[in-house]
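Thanks for coming. I will take a few minutes on one structure, beginning with a pair of strands. Please look at the screen.

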Amino acid sequence: MSNVLKDFRGIKCPVNFAKTKLVLAGMNKGDILELLIDDGSAIENLPGSVEKEGHKVLSKDEEKSGGWKIVIQKG
Amino acid sequence: MKKTDFTDKEVERYARHIILEHVGIEGQLKLLNSKVLIIGAGGLGSPAALYLAAAGVGTIGIADGDIVDLSNLQRQIIHSTNDIGIPKVKSAKNKMLALNPDITVNTYKEYLNASNILEIVSSYDFIIDGSDNFATKFLINDACVLANKPFSHGGILRFTGQTMTVAPNHSACYACVFDSPPPQQSVPTCSSAGVLGTIAGMLGTIQATEAIKYIVNYGELLTNKLLIFDAATMDFDKIKFDKNPECRVCGKNGIKQLKDYEQNICEDRK
């Protein structure tokens, strides 16, 4: 099991989701992806889009340095 | 070289395909690695070429022997007023590369005939018939049947359009449905009857969509179906038919070699 951290803050929708899909495609089932994303449309849309692809969003927390950190388990 | 990954720019350019179910990462990579030939850089070829370039079809061939004329510009939107007098394939290539500099565009500044079509067709995965005369349409059909290449037939006139997709040996070919070209002067051409410019956009875009569906292997192609529409009423119909086992082109005693059909070239070209 591996753990990947990506900072996609500043990358707008839907490019942030496209990049997330590509990162997840390179991971194994059960691996954890920690993702930093922007407030606003990113946090409103991206977790739902990731779940529709069959992955699990384990947590969503506001990040002190700005934006949100979401933790995704690859499905 | 086969592409297996995306650059950051490509992720951004193709983001809406990458996030799209049934295209996605795999489908976009298939598009980047695919080769489509567009025969005719006119009304149908214009939107097809632009959308396929935008979609990132990695290699696009475009064949046309004609030069850009002012009377083309009412519908052939890949060309501009300042392209008048230059070869259509050159004008088309410039626009496609301006839209997407990452693709490769091969140009064939020639009219296709029985002696040159097979070689050109054989290096592509899918062919779009954007020609303006029956002789070329039947020739494209015959060449694609012989070379076993899928293609999209398209035709437009007045307010109407028709299209079908042919997967040789699997589905009906153009000759299964229409057998052979109509006698010269028996049917109106786009130059004698006119055509609404937007019809070219509607139909060429459908043909480009068929090419993309074939490449990403999703959905149902217009095989064994003729899609016809009349924009005056916006009625769309699909007529179903089967492969003709006795077809003179793809039937059991089908063609073994190509021949040129009698030309009935659009008056515009003269």
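In chain B, strand β5 (residues 151-157) pairs with β6(B) in the antiparallel sense, over 7 bridges. Two strands count as paired if DSSP finds at least two bridges between them. Strands themselves are DSSP runs of E of at least two residues, helices are runs of H or I of at least four residues, and both are numbered from the N terminus.

Before going on, the ground rules. This is a predicted model, in which local features need pLDDT of at least 70 and side-chain atom pairs count only at pLDDT 80 or more, while totals for chains, interfaces and linings use all residues. Residues are numbered from 1 along each chain as its sequence is written, and chains are lettered from A and ligands numbered from 1 in the order in which they are written.

Back to the strands. B:G154 has B:T163 in β6(B) as its bridge partner. β5(B) and β6(B) make a hairpin with 2 residues between them, and B:R158 in the turn has a positive phi of about 55°. β6(B) also pairs with strand β7 (residues 225-230) of chain B, in the antiparallel sense over 4 bridges. There, B:G161 stands opposite B:F229.

Next, the core. The largest nonpolar core has 85 residues, and B:I127 is among those with the most contacts inside it. A nonpolar core is a set of buried Ala, Val, Leu, Ile, Met, Phe, Trp, Tyr and Cys residues joined through C-beta atoms within 7 Å. Helix α10 (residues 197-216) of chain B gives the most to this core, 10 residues.

Now chain A. Its mean pLDDT is 96, and 99% of its residues reach 70 or more; pLDDT is the predictor's confidence in each residue, from 0 to 100. Chain A has 2 helices and 4 strands, in the order β-α-β-α-β-β from the N terminus. Its C-alpha trace spans about 30 × 25 × 15 Å along the principal axes. Buried residues are 28% of the 75 in chain A.

Terms used:
A residue is buried if 20 or more other C-beta atoms lie within 10 Å of its own, exposed if 12 or fewer, and partly exposed in between; C-beta atoms are placed from the backbone.
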